[in-house]
Amino acid sequence: MAHVINRESWADLPEGWHGEWEGGPFQAGISVIFFASEKVGAGPRLHTHPYPETFIVRRGRARFTVDGKAIDAEAGQILVVPAGTPHKFENLGPGVLETTDIHASERFVTEWLE
């Protein structure tokens, strides 16, 4: 059976692409975070997951820190972080940063390191 998930169930705001969705109840095998911020420096602090995470940079520029190394990415690029690897990212600006962050898990499992 196909599932249609309405925006109201995952989005923090009615217009923006910001929020999160866990795929477990739908047997999707993934969970997704939609990140959007205009604030330079905004982004999650250092953390790790027991599964890979794939970042799709939809708009703007980001600085990812992956296992202590800085990686700059821009709209149209995809970054894959292996399971168990410490990582974080921040908006480099100017303007909005939008990412779609795909977690290879039906639920979020995060260990915060900062």
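Student: Which residue in E9 stands opposite Ser-37?

Tutor: Happy to start there, with the reminder that this is a predicted model in which local features need pLDDT of at least 70, side-chain atom pairs count only at pLDDT 80 or more, and totals for chains, interfaces and linings use all residues. Residues are numbered from 1 along each chain as its sequence is written, and side-chain values use heavy atoms, without hydrogens and water. Strands here are DSSP runs (E, at least two residues), numbered from the N terminus. Across from Ser-37, E9 places Leu-97.

Student: How many bridges join E2 and E9?

Tutor: Two strands count as paired if DSSP finds at least two bridges between them. E2 covers residues 31-37 and E9 covers residues 97-103. Their antiparallel pairing runs over bridges numbering seven.

Student: Which strands stand at the edges of the sheet?

Tutor: Follow the order of this open, antiparallel sheet of five strands: E1-E2-E9-E4-E7. An edge strand has a single partner, so one of its sides is left without a neighbour in the sheet. That describes E1 (19-22) and E7 (78-81).

Student: Which element gives the largest share of the lining of the largest pocket?

Tutor: Two or more residues come from each of E1, E2 and E9. The largest share, three residues, belongs to E2.

Key. Helix = DSSP H or I, 4+ residues; strand = E, 2+ residues; numbered from the N terminus.
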